[in-house]
Amino acid sequence: MRTILITGPGGSGRTTVAAATALRAAGNGTRTLLLSADRTDSLGAVLGVPTGAKPTEIAPLLTAWRPDATARFRQDLAAFQERATSALDLLGASRLDPEEVTPLPGAEELSLLRAVRDAALAEVHDLLIVDLPPTPQALALLALPEELRRYLRRLLPPERQAARALRPMLGRLAGVPMPAEWLYETASRWDLELGAVEAVLADRDTVVRIVAEPGPAGADAVRTAGLALALRGLRPDALVANRVVPEAWSPGLVAQQRKALEEWQETYDVHGVPHLGHDPRGTDDLAALPVPGVNDTDSTVEWPVTDRLAEEGVLVWHLPLPGAIREELDLIRRGDELVLAAGPFRRIVPLPSALRRCTVDGAALREGELRIRFAPDPDLWPQTP
């Protein structure tokens, strides 16, 4: 299944573009599911049809779904309390009733990720279009599965699960319950679920698409989003320049938009969507928007390692980071991982296997690409006879 993740700065019209893209795909005969995480029904306002926790048919081959984060959060909490019964009883804790539970911050994002996973596994639709939150939240959302899996493995490493068989015996000897089996079972289940979400997000049939209004604010937002996505090894398949005004409008605004468009066209596949003179509402307005369709490109960017051992005695890891500023880059080697910071964004990535037996020999930013040099560690590198 093809998946298009659509985001953009707040107020850029990303929900409108997502809806128009889904409507166009369905009109071309593609079974399409449109997902949104908004707590308020902005998606329904654009489509002209209310959306909610139950998938709603908007048009032939087009279904919209806005998962109910509150209901899912209550279900998860009830399941957690059921599994943790022994521990809660030992602590004298009282259970929470579903009626008194309100979702914690981040519940909408987790609910959306699960919906993405469920839609991909169901294989009912050919195309999934996801109306992501505004760019800052969307970038955090895309990073969430990888980061949570890393935290789980550090806090509850799989190797410790080998001792599970001893816990009942130790509990009987000590006379008190030992750390419960459900803790590791829960961690294992979460790791499996997060891994499924991560696989969908990392799939080559999943692309990221940015929506922005051409202008100074939009240009800054696109630059920031491009750098954050590059840090995750991603590049937008298209940049939708929304609300492009006609030439007859204010000359100052036209010139401002033209400057941003020219700058974007140097880096991205830009698609201009004209301003209709009003906020699009309903399928007729959406059908009038010339949004880009589904293409066969992907958003994944390779981070290759080149062998310069014969010439320079090093291996070079190439990380494309367009928009990065040298003074805002930071690298820290930590075991078999690299802590990489670019501006306000940070990611911890595992080193390729060949580089784990090397030491960092330097780094340079050239033409939007970070090149990290690794020298073989004599104590770990195989010696040639």
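Analyst: Helices and strands here are DSSP runs, numbered from the N terminus, a helix having at least four residues. A residue lines a pocket if it has an atom within 4 Å of a point of that pocket. The model is a predicted one.

User: Which helix gives the most to the lining of the second largest pocket?

Analyst: Helix H8 does, with three residues. The space in this second largest pocket is about 370 Å³. Its lining has 15 residues, and those closest to the centre are Glu146, Ala202, Arg232, Leu234 and Arg347. Two or more lining residues come from each of helix H6 (135–155) and helix H8 (181–202).

User: What is the division of the lining of the second largest pocket into nonpolar, polar and charged residues?

Analyst: Eight of the lining residues are nonpolar, two are polar and five are charged. Asp, Glu, Lys and Arg count as charged, so Glu146, Arg232 and Arg347 belong to that class.

User: Why is H5 called roughly perpendicular to H6?

Analyst: The axes of helix H5 (residues 107–122) and H6 cross at roughly 85 degrees and come within 10 Å. Angles of 65 to 115 degrees count as roughly perpendicular, and H5 is therefore roughly perpendicular to H6. On the H5 side the contact is made by Glu109, Leu110, Leu112 and Leu113, and on the H6 side by Leu141, Leu144, Pro145 and Leu148. Seven of these contact residues are nonpolar, none is polar and one is charged.

User: What makes H6 and H9 roughly parallel?

Analyst: The angle between H6 and helix H9 (residues 216–231) is about 0 degrees, and their axes lie 11 Å apart. Angles under 35 degrees count as roughly parallel, so this term applies to H6 and H9. Thr135, Leu139 and Leu142 of H6 meet Ala225, Ala228 and Leu229 of H9. The contact of H6 with H9 has five nonpolar residues, one polar and no charged.

User: How do you know that Asp126 forms a salt bridge with Arg31?

Analyst: The closest N and O atoms of Asp126 and Arg31 are 2.8 Å apart. The rule asks for a side-chain nitrogen of Lys or Arg within 4 Å of a carboxyl oxygen of Asp or Glu, so the pair counts as a salt bridge. Asp126 lies in the loop between H5 and strand S5 (127–131), while Arg31 lies in the loop between helix H1 (14–27) and strand S2 (32–36). The two residues are 95 residues apart, and their pair links distant parts of the chain.

User: How many salt bridges does this rule give?

Analyst: The count comes to 24 salt bridges.

Technical notes:
Residues numbered from 1 in each chain as written. Predicted model: local features only at pLDDT ≥ 70, side-chain atom pairs only at ≥ 80, totals over all residues. Heavy atoms only, no water. 1 Å grid on protein atoms, 1.4 Å probe; cavity = no way out; pocket = protein on both sides within 12 Å on 5 of 7 lines; lining within 4 Å. Points joined across faces, edges and corners; volume = space filled by probe spheres on them. Axes fitted to C-alpha atoms, helices over the stretch in contact; angles between N-to-C directions. Parallel < 35°, antiparallel > 145°, perpendicular 65-115°, else oblique. Contact = heavy atoms within 4.5 Å.
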